[in-house]
Amino acid sequence: MITVFLPYSGSPHSIDTINELHNCKLVSKIYLLASDEINESPDNCEILKIKNLTGSATVDLIIRKTQTKYILLFTQDNKYQFGQFAVERFYNVIDSTGAGLVYSNYHIIKDNLISRHPVNDYQLGSLRDDFDFGNLLFINAEFLNSFKNQNEYKYAGIYSLRLHLSRVSRFVRIPEFLYTTIETDLRKSGAKQFDYVDPKNREVQIEMEKAVTEHLKKIDAYLAPNFKEIEIDNDDFEYEASVIIPVKNRVSTINDAIKSVLSQKTDFKFNLIVVDNYSDDGTTERIKEIAGKDSRLIHIIPERKDLGIGGCWNEAVRNKLCGRFSIQLDSDDVYANENTIQTIVDTFKEEKCAMVIGTYRMTNFKLEEIPPGIIDHKEWTPDNGRNNALRINGLGAPRAFYTPIIREYKIPNVSYGEDYAIGLMISRDYQIGRIYEPIYLCRRWEGNSDAALDIEKQNYYNDYKDRIRTIEVLARQRKNRNADRVS
């Protein structure tokens with residue numbers, strides 16, 4: 001009933017996996033996906049020569065070679081150990097539900113310790129190409145008959161296949177830990193999250209964007225490059241711009257952040273609004289001290305005590321002293337130079353956009369550049385940026401908004417992904433302007449909220465972003481339906 005496809009490099013650990021699979025009566029055939037250097041095959045296996053595991057040519061080969069109802073695809077050449085009747089469990093679930101793809105939780109071995117690695121349920125908005133299915137995909141071959149590669153992908157073949165399966169079938173996650181494998185990426189979560197903007201991965205990202213754009217067109221969630229224009233009027237704003245810093249317990253960094261704002265040079269009037277979310281480590285006193293010396297610093301302690309970062313932003317932009325443009329600065333970061341605010345406001349006026357996103361440089365606490373260096377999000381294009389935004393996990397920094405628009409939309413009252421959510425909402429209707437020179441320094445240190453997350457917190461954050469993507473896909477589908485009715 002099952003054809004197995006296993007990446008193979010001749011490593012001894014593969015023999016153990018193959019032996020386990022041969023002991024399962026449901027397994028009909030085992031194909032080993034190998035490079036040209038591998039010529040000898042273990043008993044009862046057949047080698048398939050491939051150039052790239054994730055390419056469309058490999059996917060096409062897998063489909064051609066499959067003569068059974070189901071496929072068990074391993075996505076990494078790694079050491080595996082199956083739980084009791086694990087393959088049978090995959091089979092029973094997919095055969096009884098008719099799902100197109102089944103995956104499960106798993107265990108990982110890291111530093112000689114075994115720990116649980118739960119994964120998230122797939123949803124409409126799970127469009128990021130790094131969605132964690134684990135290393136085992138159990139696929140219903142019935143749904144491959146309608147799959148055709150429209151492009152020759154080197155990197156996005158399996159991603160394109162997954163998107164196809166999501167259109168024509170249901171995905172089922174088995175909430176059981178069915179196998180054990182070795183953790184191969186030992187970096188902390190804070191380092192992994194920037195892989196998609198690393199320049200060395202640019203070719204990969206171009207392919208992934210092409211694949212997701214095709215998918216969005218097929219589910220009627222693609223938005224053509226037609227935008228509402230912003231007319232920057234002469235509303236009653238005392239200040240042309242306001243920098244907004246939500247803060248809680250950042251006594252060691254808030255002074256630097258404030259100083260980088262108050263040292264800005266502009267040809268217009270600006271201020272700084274710091275929303276102090278009930279700090280108790282000396283941050284409040286530090287802000288008060290600086291505010292007493294510079295009237296441009298507006299220190300707000302909100303009445304509400306249930307605010308996340310997004311809620312603090314809402315408090316700031318609704319304040320009567322907020323300027324025409326609202327500009328972000330995190331409490332542990334600094335601007336790259338004294339012209340950042342001027343550059344952002346000039347971009348608003350030149351491009352007449354509702355939101356501007358800049359470029360930042362990753363640094364340590366001494367402001368020395370660290371990998372991956374400059375994060376410029378050059379994957380954003382004026383025509384397709386808002387579609388590709390549904391695939392990636394962030395839009396960049398610093399973020400700035402035309403205040404009347406952000407007052408209208410309102411930011412979700414959460415402390416993770418709130419900036420991404422509002423960016424998606426705005427991009428649904430308006431163009432987002434971009435600045436591709438570094439104007440912001442993102443300082444990485446152990447105190448960063450996303451520096452080293454455990455798997456439960458990573459899953460929680462990823463599920464939230466998938467959920468706001470789901471909401472956005474539904475909103476864009478509705479937008480397109482309404483446009484069709486009008487035309």
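This is a predicted model: local features need pLDDT of at least 70, side-chain atom pairs count only at pLDDT 80 or more; totals for chains, interfaces and linings use all residues.

Colleague: How many aromatic pairs does a search of the whole structure find?

Modeller: The search gives 22 aromatic pairs. In one of them, Y70 and F138, the ring centres are 6.1 Å apart and the planes are at 40°. A pair counts as stacked under 30 degrees and as edge-to-face over 60, so Y70 and F138 are tilted.

Colleague: Where do Y70 and F138 lie?

Modeller: Y70 is in strand β4, residues 70–74, and F138 is in strand β8, residues 136–140. The pair therefore ties together parts that are 68 residues apart in sequence.

Colleague: Are Y70 and F138 buried or exposed?

Modeller: Y70 is buried, and F138 is too.

Colleague: What about Y106 and Y179?

Modeller: Those two form a stacked pair, with 5.2 Å from centre to centre and 5° between the planes. Y106 belongs to strand β6 (residues 101–110) and Y179 to strand β9 (residues 171–182), so this pair links parts 73 residues apart in sequence.

Colleague: Why does Y106 count as buried?

Modeller: Because its relative accessibility is 7%, and the cut-off for buried is under 20%. Y179 counts as buried at 1%.

Colleague: Which strands does β4 pair with, and in what sense?

Modeller: Strand β1, residues 2–7, pairs with β4 in the parallel sense over four bridges. The pairing of β4 with β8 is antiparallel, over five bridges.

Colleague: Which residue in β4 is the bridge partner of T3?

Modeller: The partner of T3 is I71. As for β8, N140 is the residue that stands opposite Y70.

Colleague: Changing topic: which ring does the charged end of K269 sit over?

Modeller: The ring of Y239, at 4.7 Å from its centre. There is also R443, which lies over the face of F365 at 4.4 Å from the ring centre.

Note on methods:
Residues are numbered from 1 along each chain as its sequence is written. Side-chain values use heavy atoms; hydrogens and water are left out. Rings of Phe, Tyr and Trp (its six-membered ring) pair if their centres lie within 6.5 Å; planes under 30 degrees apart count as stacked, over 60 as edge-to-face and the rest as tilted. Helices (H or I, at least four residues) and strands (E, at least two) are DSSP runs, numbered from the N terminus. Buried means under 20% relative accessible area, exposed over 50%, partly exposed in between (1.4 Å probe, protein chains only). A charge sits over a ring if NZ of Lys or CZ of Arg is within 6 Å of the ring centre and within 35 degrees of the ring normal. Two strands pair if DSSP finds at least two bridges between them.
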